[in-house]
Amino acid sequence: RLSAALGAADERALSAREELADACSQLQRREAELAQSHSALHAQVANQEQQLLSHKGVKDETARLEKELAEALSNAKSAEERAMSARVEAEQIRNEEKDRRSKFLMVQKKFNA
């Protein structure tokens, strides 16, 4: 009877070892899957970080270009104002010159008369 009990215990121990070996094998496979998934997630995060940096670079460049455009528009407006002022001044000078000629001709007519 003891021999039969030992035989049954050996069979249970052998069965338990096989189950343990299967569980270890499954655990190793799952560990490999998790490592692969972890690696893929790291790659995805790195890609997203790169995209964010790229997006930030585009935003910075856009802001810089908008600032340059505002400055260029301001410069153009100032130049336009200076040109308008110069036109007004030139018109005044032409009018003054006409007045002087007109007065000169009147004086010359009186002198010649």
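Arg-64 is partly exposed, with a relative accessible area of 38% (buried means under 20%, exposed over 50%, and partly exposed in between, with a 1.4 Å probe and protein chains only). The model is predicted, so that local features need pLDDT of at least 70 and side-chain atom pairs count only at pLDDT 80 or more, whereas totals for chains, interfaces and linings use all residues. Residues are numbered from 1 along each chain as its sequence is written, and side-chain values use heavy atoms, with hydrogens and water left out.

Seven salt bridges are present in the structure, a salt bridge being a side-chain nitrogen of Lys or Arg within 4 Å of a carboxyl oxygen of Asp or Glu. One of these joins Arg-64 to Glu-61, with the closest N and O atoms 2.5 Å apart. Both residues belong to helix H1 and are three residues apart, about one turn of the helix; helices (H or I, at least four residues) and strands (E, at least two) are DSSP runs, numbered from the N terminus. Glu-61 is partly exposed, at a relative accessible area of 36%.

A salt bridge also links Lys-56 with Asp-60, where the closest N and O atoms lie 3.0 Å apart. Because Lys-56 and Asp-60 are four residues apart in helix H1 (residues 2-112), about one helical turn separates them. Lys-56 is partly exposed, with a relative accessible area of 48%, and Asp-60 is partly exposed as well, at 43%.

Glu-96 and Arg-100 form a further salt bridge, at 3.8 Å from N to O. These two residues lie four residues apart in helix H1, about one turn of the helix. Glu-96 has 43% relative accessibility and counts as partly exposed. Elsewhere, salt bridges that share partners join Glu-61, Arg-64 and Glu-68 into one network.
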